[in-house]
Amino acid sequence: MKKKIGILGSGIVAKTLGAGFLKHGFEVMLGTRDPQKLYDWFSGAGKGARAGTSAEAAAFGEIIVLAVKGTAAKEVLNSADSENLTGKTIIDTTNPIADAGIENGVLQFFTDINRSLMEQLQLMVPDANFVKAFNSTGNSNMINPSFESSPTMFICGNNETAKKEVSDLSALFGWETADFGLVESARAIEPLCMLWCIPGFLHNNWTHAFKLLQPASY
């Protein structure tokens with residue numbers, strides 16, 4: 001398994017996944033426009049942790065994690081430099097959440113139902129292998145969550161090898177994986193974020209996760 005992870009982002013999702021990879025023995029570099037603001041994370045993260053610019057993190061990582069606000073995703077990919085992303089698996093955790101109000105617990109998206117954010121990002125960097133994952137749960141559940149059974153990580157993407165890499169990482173983090181096909185399926189997976197957030201906004205319940213149930217003979 002590839003052991004160097006470049007994470008584009010400096011928020012709670014980036015730091016949570018970074019800590020999870022470090023816990024399981026990976027080397028991790030978080031990348032952001034201002035690496036100095038990652039000083040506290042870097043100084044407390046322990047062995048294998050690094051901080052740098054987006055381009056440096058993209059160059060460092062054998063696998064890339066895109067963990068930024070959806071509104072910033074294109075800008076961050078541009079700053080990472082497409083040459084640093086070519087041929088690599090990019091775990092796309094982003095959701096196209098608009099800078100708008102919440103309507104009765106429901107987030108608003110800036111994308112159309114017939115074109116997901118990940119489809120747009122894949123077109124931006126056609127030589128990278130995007131896999132949608134880790135977008136339909138909260139950061140507190142991402143790394144080895146405690147449920148009665150393993151929750152389901154819904155993924156999609158065009159490259160089978162990349163999806164296998166993400167499935168293996170998902171299993172390491174305590175999830176079972178449901179592969180929902182090619183990049184167009186992100187049109188259905190991204191809105192799971194809306195569904196996941198509704199109990200949180202309405203009832204302050206942020207500890208749940210989704211599980212896909214299948215017949216035993218499936």
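A contact, as I use the word in these notes, means heavy atoms within 4.5 Å.

**Entry 1: the whole protein.** I worked from a predicted model, and I began by asking how far apart in sequence the touching residues are. Among the contacts in the protein with a separation of 6 or more, I found that 68% are between residues 24 or more positions apart. I then went through the secondary structure, which comes to 8 helices and 8 strands. The radius of gyration is 16 Å, close to the 17 Å that the globule rule gives for 218 residues, so I noted the protein as being as compact as a globular protein of that length. Taken along the principal axes, the box that the C-alpha atoms fill is roughly 40 × 35 × 35 Å, and buried residues make up 48% of the 218 residues.

**Entry 2: helix H1.** I looked next at H1, which covers residues 12–23. This helix has 12 residues and reaches 16 Å from its first C-alpha to its last, close to the 16 Å expected at 1.5 Å a residue. Which residues of H1 are buried? I listed Ala 14, Thr 16, Leu 17, Gly 18, Gly 20, Phe 21 and Leu 22. As a reminder to myself, an α-helix has 3.6 residues a turn, so residues three or four places apart point the same way. I also followed what the buried residues of H1 pack against, and wrote down strands E1 (4–8), E2 (27–31), E3 (49–52) and E4 (63–66), together with helices H2 (39–45) and H6 (160–172). After H1 comes Gly 25, whose phi is positive, near 90°.

Entry 3: Is Ser 170 buried or exposed? Its relative accessibility is 0%, and buried means under 20%, so Ser 170 counts as buried. Leaving out residues up to four places away in sequence, I found that Ser 170 touches Phe 134, Met 153, Trp 175, Glu 176 and Thr 177.

**Entry 4: the largest pocket.** I finished with the largest pocket, whose volume is about 870 Å³. It is lined by 39 residues, and the closest to its centre are Val 13, Ala 67, Val 68, Lys 69 and Gly 70. The elements that give two or more residues to this lining are H1, helix H4 (73–80) and helix H8 (192–203), and the largest share, 4 residues, comes from H8. Sorting the lining by class, I noted 17 nonpolar, 16 polar and 6 charged residues.

Terms used. Residues numbered from 1 in each chain as written. Predicted model: local features only at pLDDT ≥ 70, side-chain atom pairs only at ≥ 80, totals over all residues. Heavy atoms only, no water. 1 Å grid on protein atoms, 1.4 Å probe; cavity = no way out; pocket = protein on both sides within 12 Å on 5 of 7 lines; lining within 4 Å. Points joined across faces, edges and corners; volume = space filled by probe spheres on them. Nonpolar A, V, L, I, M, F, W, Y, C, P; charged D, E, K, R; others polar. Expected span 1.5 Å × (residues − 1). Buried < 20%, exposed > 50% of the residue type's maximum accessible area, 1.4 Å probe, protein only. Rg over C-alpha atoms; globule rule 2.2 N^0.38 Å.
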